[in-house]
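Here is a short briefing on one protein chain. Look over the sequence and the model first, then read the points below.

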Amino acid sequence: MTYNQAITSTPAVLVEFYASWCPHCQQMMPVVEQIKILLDGSADVYQFEIDENRELADAQKVESIPTFIVYKDGKEMWRRSGEIDADVLLSEVRRYI
């Protein structure tokens, strides 16, 4: 699946760029897992490890990690980097469902 296919797989999509060595990313891992459960298929969630997807991260202008991007019908609607409260992240995704 290409990135463009991923960001149009459901009407709203959450993408996270992270690194396994990043402590802030590690803090967000259980939050992202919880959000996947709460969304229950209403929006897809994709996670991309930047060390394995450097060109993709560069193409998406990811400058810090973790970076979260919400897409609506393939268009970027919201972006934020750093640790985020689960309720804030979930509400941003749900805004576009």
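Which residues does glutamate 76 touch, not counting residues up to four places away in sequence? They are Ile69, Val70 and Tyr71, where contact means heavy atoms within 4.5 Å. The model is predicted, so local features need pLDDT of at least 70 and side-chain atom pairs count only at pLDDT 80 or more, while totals for chains, interfaces and linings use all residues. Residues are numbered from 1 along each chain as its sequence is written, and side-chain values use heavy atoms, with hydrogens and water left out.

**Helix H2 against helix H4**

- Two packed helices are described by the angle between their axes and the distance between the axes.
- Helix H2 covers residues 23-39 and helix H4 covers residues 86-94. Helices are DSSP runs of H or I with at least four residues, strands are E runs of at least two, and both are numbered from the N terminus.
- H2 and H4 pack at an angle of about 40°, and their axes are 10 Å apart. That makes H2 oblique to H4.
- Axes are lines fitted to C-alpha atoms, for helices over the stretch in contact, and angles run from 0 to 180 degrees between N-to-C directions.
- Angles under 35 degrees count as roughly parallel, over 145 as roughly antiparallel, 65 to 115 as roughly perpendicular and the rest as oblique.
- The crossing of H2 and H4 is right-handed.
- H2 contributes Met28, Val31, Gln34, Ile35, Leu38 and Leu39 to the contact, and H4 contributes Ala86, Leu89, Leu90, Val93 and Arg94.
- The residues of this contact divide into nine nonpolar, one polar and one charged. Ala, Val, Leu, Ile, Met, Phe, Trp, Tyr, Cys and Pro count as nonpolar, Asp, Glu, Lys and Arg as charged, and the others, Gly among them, as polar.
- Leucine 38 lies in H2. At 40% relative accessibility, leucine 38 counts as partly exposed. Buried means under 20% relative accessible area, exposed over 50%, and partly exposed in between (1.4 Å probe, protein chains only).
- Leaving aside neighbours within four places in sequence, leucine 38 is in contact with Leu90 and Arg94.

**The buried face of H4**

- Which residues of H4 are buried? They are Ala86, Leu89, Leu90, Glu92 and Val93.
- Seen down the axis of H4, these buried residues fall within an arc of 160°, so they line one face of the helix. The arc is that of the directions from the helix axis to the C-beta atoms.
- An α-helix has 3.6 residues a turn, so residues three or four places apart point the same way.
- The cover over the buried residues of H4 includes strand S1 (12-18), H2, strand S3 (67-72) and strand S4 (75-81).

**Strand S4**

- Glutamate 76 lies in strand S4. At 39% relative accessibility, glutamate 76 counts as partly exposed.
- Glutamate 76 and glutamate 63 are 13 residues apart in sequence and 16 Å apart in space, C-alpha to C-alpha.
- Serine 81 is also in S4. At 34% relative accessibility, serine 81 counts as partly exposed.
- Beyond its neighbours within four places in sequence, serine 81 is in contact with Ser64, Pro66 and Thr67.
- The C-alpha atoms of serine 81 and proline 66 are separated by 5.5 Å, and the two residues are 15 residues apart along the chain.

**Backbone and loops**

- Most residues other than glycine have a negative phi, and most peptide bonds are trans.
- A cis peptide bond joins isoleucine 65 and proline 66, with omega about -5°. Proline 66 is in the loop between helix H3 (54-59) and S3.
- Aspartate 40 has a positive phi, near 50°. Aspartate 40 sits in the loop between H2 and strand S2 (44-49). At 67% relative accessibility, aspartate 40 counts as exposed.
- Aspartate 73 has a positive phi of about 50° although it is not a glycine. Aspartate 73 belongs to the loop between S3 and S4.
- Threonine 8 is in the loop between helix H1 (3-6) and S1. At 47% relative accessibility, threonine 8 counts as partly exposed.
- Not counting residues up to four places away in sequence, threonine 8 touches Val13, Asp73 and Gly74.

How values were computed. A crossing is left-handed if the near helix is turned anticlockwise from the far one by less than a right angle, and right-handed if clockwise.
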